Amino acid sequence: MIPPATAQSLTKRPSLVEQTCAMLADHIASEFGGAEGENWLPSERELAARFGVSRPVIREATKRLELQGLLEISHGRGIKVVSKLQRPMSHSLELRVPESGELLRQLGEARRLLEPGLARLAAERRTKKGVQLLEKRHLAMERAGDVVEAAAEDALFHQEIARVAGNEVIALILSSFGDLGETVRRHTLSTTGKEKALEHHAAILEAIKEGDGDAAETWMLTHVTEAAKDLEKSEAAKG
């Protein structure tokens, strides 16, 4: 049995700083998730006005996000959004599994284990705002002008599903595949085209929108399995 003091600590409401951290993290993900180059947040004063809190609250929230690796605070210059957070894991994976074919196989296996269940959760926990963000990502991939842009939007669509599911841990895991994941997506999209991926995304999105966990899980499993098979065929043809 949980002692009373511990139970209270588990159920207490997030502090204002914690709430602001969450709002800032969401803002960073939506505004800079696929952006390249250096990106800077507005000043403390502007952020305080935007989120309706004091400057000390913004200051503490940005410090916490800096510790988490989302931001880099440079005195005299401002608050920079840290790009390519995923590189450390990508590099670690490449060191641990140097053979590219085996690395790609394991990446596909990891996605099959993670993403179908995540799609089910997204269908069960969907919100109107979450569905709208998924629709926005889907439309952005449809409108992408080249493979690089389409691959970036593809990755963001999958990360957004994790957020709709309410699981930031898996969202970070997916984003941490980083350069490796983008390379895989670019290769797959350049060989099979984006139409197949968009068809799967549309079915996943519709299932989430309708709250159909079974369909969302099934379509996601189909999607990641076929993507892995397409990549394996392409790698075999090269060999």
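Reader: Which cut-off of relative accessible area makes a residue count as buried?
Author: The structure above is a predicted model, and its residues are sorted by relative accessible area. A residue over 50% is exposed, and one in between is partly exposed. A residue counts as buried when its relative accessible area is under 20%.

Reader: Is Glu115 buried or exposed?
Author: Glu115 is found in helix α6, which covers residues 100-125. Its relative accessible area is 2%. Because the limit for burial is under 20%, Glu115 is buried.

Reader: With which side chain does the side chain of Glu115 make a polar contact?
Author: Leaving aside neighbours within four places in sequence, Glu115 is in contact with His158, Leu174, Met220 and Val224. The polar contact of its side chain, at 2.6 Å, is made with the side chain of Arg111.

Reader: How far apart are the end C-alpha atoms of helix α11?
Author: Helix α11 has 16 residues, 195-210. At 1.5 Å a residue, the helix should span 22 Å. The computed distance agrees with this, so the end C-alpha atoms are 22 Å apart.

Reader: Which residue just after α11 takes a positive phi?
Author: Within α11, the buried residues include Ala197, Leu198, Ile204 and Ile208. Just after the helix, a positive phi of about 75° is taken by Gly211.

Reader: In which sense do strands β2 and β3 pair?
Author: Strand β2 covers residues 71-74 and strand β3 covers residues 78-81. They form a hairpin with 3 residues between them, and Gly76 in the turn has a positive phi of about 95°. Glu72 stands opposite Lys80 in β3. Over 4 bridges, the sense of the pairing is antiparallel.

Reader: What percentage of the residues of the protein count as buried?
Author: The secondary structure comes to 12 helices and 3 strands. The accessible surface is about 13500 Å², with 53% belonging to carbon and sulfur atoms. Of the 239 residues, the share that count as buried is 39%.

Definitions and conventions
Residues are numbered from 1 along each chain as its sequence is written. This is a predicted model: local features need pLDDT of at least 70, side-chain atom pairs count only at pLDDT 80 or more; totals for chains, interfaces and linings use all residues. Side-chain values use heavy atoms; hydrogens and water are left out. Helices (H or I, at least four residues) and strands (E, at least two) are DSSP runs, numbered from the N terminus. The expected span of a helix is 1.5 Å times one less than its number of residues. Buried means under 20% relative accessible area, exposed over 50%, partly exposed in between (1.4 Å probe, protein chains only). A polar contact is a pair of N or O atoms within 3.5 Å; within protein, one must be able to donate a hydrogen and the other to accept it, and residues adjacent in sequence count only if both atoms are side-chain atoms. Contact means heavy atoms within 4.5 Å. Accessible areas come from the Shrake-Rupley method with a 1.4 Å probe; for residues, only the protein chains shown count as cover. Two strands pair if DSSP finds at least two bridges between them.
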